[in-house]
Amino acid sequence: MLAFHTAARWVVFTIFCASLLVSLASWLVRTRRVSPFGALARGLRSLSDPVLHPIERRVVRAGGNPTNAGWWLVIGVAVAGVVLLSLLDWVFGIVLQLAAAAGGGPRAVLRLGVVVAYNVLFIALLVRVLGSWFGAFRYSRWMRPAYALTDWLVEPLRRVLPPMGMFDLSPLAAWFVLWALEQVLLSVI
């Protein structure tokens, strides 16, 4: 597993370096550091244009300057690489936890189930709160799962807790109730 993780890091790093080279090639020709009419410029454009044209179209549609497409490529590849490596770390962690729980017997599997359920509900609460800050509410396609997972706990607390002006403390109270429930279940198991 470690070899796969190391190989994934090298692949992401290689793709990042390639995006930097494509961006640099485009920049050299656009800023006329390399004569745009020479053979070198044609070669650089033939390498960079197929990669950058779709990004340039999106940047122009969004109202931006197409000369910044190279930077968008580099930033996009960096963010995608970090997300991919984080997801791989998460998957490997889950696999290791499952292997440890399977070796520990039914009690360890049950404890892992409680911890995973708590983590899923906590993430759903976090998504619900952060989404409300950015204007994505209950009927947004991306927010429906978070509301479906947490309404059973947040809505009764919202009816019980007094209003605090513009602040809604029910998700915080729901997180505290979830944490207490997790601790009780883990101590019983």
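Buried means under 20% relative accessible area, exposed means over 50%, and partly exposed lies in between (1.4 Å probe, protein chains only). This is a predicted model, in which local features need pLDDT of at least 70, side-chain atom pairs count only at pLDDT 80 or more, and totals for chains, interfaces and linings use all residues. Residues are numbered from 1 along each chain as its sequence is written, and side-chain values use heavy atoms, with hydrogens and water left out.

**Helix α6**

Helices (H or I, at least four residues) are DSSP runs, numbered from the N terminus. The buried residues of α6 are Ser 170, Pro 171, Ala 173, Ala 174, Leu 178, Glu 182 and Leu 186. They pack against α4 and α5, where contact means heavy atoms within 4.5 Å. The expected span is 1.5 Å times one less than the number of residues.

**Helix α4**

Helix α4 has 28 residues, which should span 40 Å at 1.5 Å a residue. Its end C-alpha atoms are 41 Å apart, which agrees. In α4, Leu 112, Val 114, Tyr 118, Leu 121, Ala 124, Leu 125, Arg 128 and Gly 131 are buried. These residues pack against α3 (69-104), α5 (144-160) and α6. Just after α4, Gly 135 has a positive phi of about 85°.

**Two helix pairs**

Two packed helices are described by the angle between their axes and the distance between the axes. Axes are lines fitted to C-alpha atoms, for helices over the stretch in contact, and angles run from 0 to 180 degrees between N-to-C directions.

| Pair | Residues | Angle | Axis distance |
|---|---|---|---|
| α4 and α6 | 106-133 and 170-188 | about 175° | 10 Å apart |
| α1 and α2 | 2-30 and 39-61 | roughly 110° | within 8 Å |

Angles under 35 degrees count as roughly parallel, over 145 as roughly antiparallel, 65 to 115 as roughly perpendicular and the rest as oblique. Helices α4 and α6 are therefore roughly antiparallel. On the α4 side, the contact includes Arg 111, Tyr 118 and Phe 122. On the α6 side, it includes Trp 175, Trp 179 and Glu 182. The contact residues of this pair divide into 14 nonpolar, no polar and two charged. Here Ala, Val, Leu, Ile, Met, Phe, Trp, Tyr, Cys and Pro count as nonpolar, Asp, Glu, Lys and Arg as charged, and the others, Gly among them, as polar.

Helices α1 and α2 are therefore roughly perpendicular. Val 22, Ala 25, Ser 26, Val 29 and Arg 30 of α1 meet Ala 41, Leu 44, Arg 45, Ser 48, Val 51, Leu 52 and Glu 56 of α2. These residues divide into seven nonpolar, two polar and three charged.

**Single residues**

Ser 23 lies in α1. It counts as buried, at 10% relative accessibility. Leaving out residues up to four places away in sequence, Ser 23 touches Gly 70, Trp 71 and Val 74.

Leu 40 lies in α2. It is exposed, with a relative accessible area of 55%. Leu 40 and Ala 25 are 15 residues apart in sequence and 10.0 Å apart in space, C-alpha to C-alpha.

Arg 138 sits in the loop between α4 and α5. Its relative accessible area is 26%, so Arg 138 is partly exposed. Leaving out residues up to four places away in sequence, Arg 138 touches Arg 128, Arg 144, Tyr 147, Asp 151 and Glu 155.

Conventions. Helices (H or I, at least four residues) and strands (E, at least two) are DSSP runs, numbered from the N terminus.
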